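Subject: Structure for you to look at

Hello,

I am handing over the structure we talked about. Please open it first, then read on.

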Amino acid sequence: MKNLTIITELYLIRKRFCENLYHGVKFSEIPRTGYKFTQIKNIAANTCSFEENEKSSDAGMYFEKKIKFDIARLDKNVQKLLSAFGNNMIVAVAKDANGNAHLVYPLRCSMRRIISGKPTGSNRTEVELSGVYPEQSAFVSFDI
């Protein structure tokens, strides 16, 4: 079981644009030729987390994966980007504060707008990437 609290960098790409999804792969070798990861920026400080929990069912063991983060200011470019990922299977590379990068897939994106209702409170968008897979998330060597 992995339970990371702080993710410092988050990169997303559609799963159909990937070809190398295995343990120990280099970051630059994951996308197919001509495609690249998109870095998600404007993530609110200390809000990005990654959880991976082992579960069991009648069919066997599987891993439930979640990446959650808040975006303080959702500009049109970020909203368009996340909406484009919304109906597609996503591959994410999440880099934690210790420099470890985790290859997390397959994921689906869901967003919800949080409005504080207080004059001093901040409006934000909460984004959750979640999915299940029979194998644990692989480590990626970060070569950029």
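This is a predicted model: local features need pLDDT of at least 70, side-chain atom pairs count only at pLDDT 80 or more; totals for chains, interfaces and linings use all residues.

**The whole chain**

The chain holds nine strands and one helix. Their order along the sequence is β-β-β-β-β-α-β-β-β-β. The radius of gyration is 15 Å, which agrees with the value near 15 Å for a compact globule because the chain has 144 residues. Along the principal axes, the C-alpha atoms fill a box of roughly 45 × 40 × 30 Å. Of the 144 residues, 36% are buried. Take the contacts between residues at least 6 apart in sequence: 65% of them join residues at least 24 apart.

**Surface and charge**

The accessible surface is about 8500 Å². Carbon and sulfur atoms account for 46% of that surface. There are 21 positive and 15 negative side chains. The centres of the two sets are 9 Å apart.

**Strand S6**

Look next at S6, residues 90–96. Seven of its seven residues are buried. Ile 90, Ala 92, Ala 94 and Asp 96 point one way. Val 91, Val 93 and Lys 95 point the other way.

Which strands pair with S6? One is S2, residues 7–14, which runs antiparallel to S6 and is joined to it by seven bridges. There, Leu 10 stands opposite Ala 94. Another is S7, residues 101–114, also antiparallel, with five bridges. Here Ala 92 faces Val 104 as its opposite residue. Four residues lie between the strands in the hairpin of S6 and S7. In that hairpin, Gly 99 has a positive phi near 90°.

Best regards

Methods
Residues are numbered from 1 along each chain as its sequence is written. Side-chain values use heavy atoms; hydrogens and water are left out. Helices (H or I, at least four residues) and strands (E, at least two) are DSSP runs, numbered from the N terminus. The radius of gyration is taken over C-alpha atoms; the globule rule is 2.2 Å times the number of residues to the power 0.38. Buried means under 20% relative accessible area, exposed over 50%, partly exposed in between (1.4 Å probe, protein chains only). Contact means heavy atoms within 4.5 Å. Accessible areas come from the Shrake-Rupley method with a 1.4 Å probe; for residues, only the protein chains shown count as cover. Lys and Arg count as positive and Asp and Glu as negative; His and the chain ends are not counted. The place of a charge is taken as NZ of Lys, CZ of Arg, CG of Asp or CD of Glu. Two strands pair if DSSP finds at least two bridges between them.
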